[in-house]
Amino acid sequence: MLSAVARGQWGWFHPCARLSVRMSSTGIDQKGILAERVAVVTGSTSGIGFAIARRLAQDGAHVVISSRKQQNVDRAAAQLQREGLSVAGIVCHVGKAEDRERLVATALEHCGGVDFLVCCAGVNPLVGSTLGTSEQIWDKILNVNVKSPALLLSQLLPYMEKRKGAVTLVSSVAAYFPRMELGVYNVSKTALLALTRTLALELAPKDMRVNCLVPGVIKTDFSKVLHGNESLLKYLRECLQMQRIGEPEDCAGVVSFLCSPDASYITGENIAVAGFSSRL
C-alpha cells in the first residue's frame with residue numbers, strides 16, 4: 001500500500017528516521033524532552049500547525065506533518081529538514097477516510113508508532129451568518145473541524161494507548177467570543193471544547209491525556225480576515241490585554257508542554273493563548 005503512494009525523498013513522504021533529532025551544529029543537546037517520541041500533526045505546513053511541528057521536532061520528537069497540497073508538504077518538510085529536524089511529510093485531507101488511513105499507515109510504517117496527535121487542520125469556507133449557511137457548507141465545516149479529529153484518533157488509538165499517548169485539539173477563542181461573520185466556524189470550534197472534555201473522560205482509564213489549545217487572533221494566513229483589516233486590527237490591539245496580535249510560536253511551546261512528562265497530570269483542559277483572559 002505504502003509503495004503505491006510514496007514518491008521518494010521529495011514525494012508524498014519524507015522518512016522521519018533518516019535525520020538525527022537535532023544537528024550538533026546548533027550547540028543544543030540532541031536529546032530533547034520529547035526525544036524518540038513520535039508526533040502526528042495535521043494541518044501543519046503553515047501557520048500555527050507548522051510552528052507546533054517545528055517546536056515538537058526541536059524538542060526531540062520525530063514529527064509527521066501533513067496538509068492537503070503536495071507542494072505545501074514538500075516545502076514545509078524541506079524547510080524543517082534543512083534545520084536538522086526529524087520530519088516526515090505526507091499529503092492528507094483529514095476529511096477523507098482514505099487519506100487518514102494513509103497518514104496512520106505511513107506514521108506506523110516509518111516511525112514505528114505514535115505518541116502524540118495534534119489536530120490543527122481546520123476550514124472556514126464561508127464568511128457569513130449561521131442561518132444563511134447551506135447544508136453543504138455545514139457538512140464541510142463540521143466534517144473537517146469536528147469529526148475528523150475524533151475519527152483520526154479512533155484509528156490511532158490502538159497504537160497510542162500502548163505508549164500512553166497525548167492528544168491536543170486546536171479550537172479558537174471564537175468558541176468563547178463568537179464573531180457574527182464566522183457563523184458555523186464558531187459552532188465547530190465550540191464543539192471542540194466539549195469533544196476535548198469528553199475524550200479526556202473516555203481515555204483517562206488508559207492513562208492517555210486530551211487537552212485543547214484555544215488560540216486568539218494569531219497572525220496567520222487563515223486569520224487574515226481579522227488581522228488584515230487595519231481598523232479591526234487597531235480595535236483588537238486596544239482590546240487585548242497584551243496589546244499585540246499573537247504569533248504562531250506563541251502557541252507552539254504550550255503544545256510541546258502538553259505533550260511532555262511535565263503535563264502528565266493535566267487532561268480535559270481548554271487552554272487559551274489569546275493575549276487576554278478567556279474568562280473576561
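Which side chain meets Glu83 in a salt bridge? Arg54 does, with 2.6 Å from N to O. This pairing comes from a predicted model. It joins distant parts of the chain, 29 residues apart. Glu83 lies in the loop between α3 and β3, and Arg54 sits in helix α2. Glu83 is partly exposed, at 28% relative accessible area. Arg54 has 18% and counts as buried, because buried means under 20%.

The structure holds seven salt bridges. Another of them pairs the side chains of Asp115 and Arg37, at 3.0 Å from N to O. Asp115 is buried, at 2% relative accessibility. Arg37 is partly exposed, at 24%.

Arg102 pairs with Asp99, and their closest N and O atoms are 3.0 Å apart. The two residues are three apart in α4, so about one helical turn separates them. Both Arg102 and Asp99 are buried. Elsewhere, shared partners join Arg37, Asp115 and Arg163 into one salt-bridge network.

Now follow helix α5, residues 135-160. The helix bends by about 50° at Lys147. A proline, Pro149, follows within four residues. Pro149 is itself buried, and the buried residues of α5 also include Ile137, Ile141, Val144, Leu152, Leu156 and Met160. Among the elements covering these buried residues are strands β1, β4 and β5. Helices α4 and α6 contribute to the cover too.

Most residues other than glycine have a negative phi. Lys164, in the loop between α5 and β5, has a positive phi near 50°. Lys164 is partly exposed, with 49% relative accessible area. Asp207 also has a positive phi, near 60°. Asp207 lies in the loop between α6 and β6 and is partly exposed at 43%.

How far can the model be read? The mean pLDDT of the chain is 86, and 80% of its residues reach 70 or more. Over residues 1-14, pLDDT stays under 50. That stretch has 35 contacts beyond four places in sequence. Residues 17-29 are also below 50, with 32 contacts beyond near neighbours in sequence. Where pLDDT is low, the predicted coordinates should not be read in detail.

Note on methods:
Residues are numbered from 1 along each chain as its sequence is written. Side-chain values use heavy atoms; hydrogens and water are left out. The bend at a residue is the angle between axes fitted to the seven residues ending there and the seven starting there. Buried means under 20% relative accessible area, exposed over 50%, partly exposed in between (1.4 Å probe, protein chains only). Contact means heavy atoms within 4.5 Å. pLDDT is the predictor's confidence in each residue, from 0 to 100. A salt bridge is a side-chain nitrogen of Lys or Arg within 4 Å of a carboxyl oxygen of Asp or Glu.
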